[in-house]
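Dear colleague,

Please find the structure below, together with its sequence. My notes on it follow directly after.

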Amino acid sequence: WGVGESTGFFCYRVGMLFGGACALALSNYFSWASLYFFFGIFLIGGPFVVLALPESSYEKKLIDIKTPFFRKALLAPFQVFVSHPGWWSVLIFMFLFRLQDNLIGSMPSLFYLDLGFSKGEIANCQKVFGMWMSVLGGVLGGTLLRSHGYFKTLWIGGISHGLSGFCYLVQTWGGASLPLLYTTTVLEDL
């Protein structure tokens, strides 16, 4: 699973590279309206690919119409989840693990523009270089997963991810320093 997750993460990041860095770099030469139109053309093929795929060979299960949908789809799985010891710690972990990313969202690019970096510098560092750091982080995560298991790997990743948010504070103090931007990108994306 670790290797599969790493591969999926790599493909996701390559897609983000084209949709992020290419669009940001091309925004110096083209309007956003024309860029959205151009990149939107690539989305047209997706539904046709899905429709062309062969039907899966799994055995279809009939839905028991005597059990109400709400109970079967929502209540029963939640009851099974809360029956496990430590279920509350899983909920806290899920909330805190991505809290930093959910709060920051798409703000890093605006933050770097405000510090004085050019769009090209941000695209090269954050989108291209950062993508490769994320891929390396995905491979490292897959390797940790194979050697240490899920529990330790999630905690190692969660703690290091939480600490990486301090890079933005250091970047604020350092200003528009390109070496510091690359260091921040390594620590944030890895």
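Helix H9 covers residues 178-189, twelve in number, and spans 16 Å from its first C-alpha to its last, close to the 16 Å expected at 1.5 Å a residue. The expected span is 1.5 Å times one less than the number of residues. Helices here are DSSP runs (H or I, at least four residues), numbered from the N terminus. The model is predicted: local features need pLDDT of at least 70, side-chain atom pairs count only at pLDDT 80 or more, and totals for chains, interfaces and linings use all residues. Residues are numbered from 1 along each chain as its sequence is written, and side-chain values use heavy atoms, with hydrogens and water left out.

The buried residues of H9 are Leu 180, Leu 181, Thr 184, Thr 185, Glu 188 and Asp 189. Seen down the helix axis, they fall within an arc of 145 degrees, so they line one face of H9; the arc is that of the directions from the helix axis to the C-beta atoms. The face turned away from this buried side carries the exposed residues Pro 179 and Leu 187. Buried means under 20% relative accessible area, exposed over 50%, and partly exposed in between (1.4 Å probe, protein chains only). Thr 183, also found in H9, counts as partly exposed at 40% relative accessibility.

Two helices that contact H9 deserve a description. Ala, Val, Leu, Ile, Met, Phe, Trp, Tyr, Cys and Pro count as nonpolar, Asp, Glu, Lys and Arg as charged, and the others, Gly among them, as polar.

Cys 167, Tyr 168, Val 170, Gln 171 and Gly 174 of H8 meet Leu 180, Leu 181, Thr 184, Leu 187 and Glu 188 of H9. Six of the residues in this contact are nonpolar, three polar and one charged. The C-alpha atoms of Gln 171 and Thr 183, twelve residues apart along the chain, are separated by 9.3 Å.

Within H8, Cys 167, Tyr 168 and Gln 171 are buried. They cover an arc of only 100 degrees around the axis, which puts them on the same side of H8. Phe 166 and Trp 173 are exposed on the other side. The buried residues of H8 pack against H5 (99-104), H6 (107-115), H7 and H9. After H8 comes Gly 175, with a positive phi near 75 degrees.

Ser 27 lies in the loop between H1 (2-26) and H2 and is buried, with a relative accessible area of 11%.

With kind regards

Technical notes. Contact = heavy atoms within 4.5 Å.
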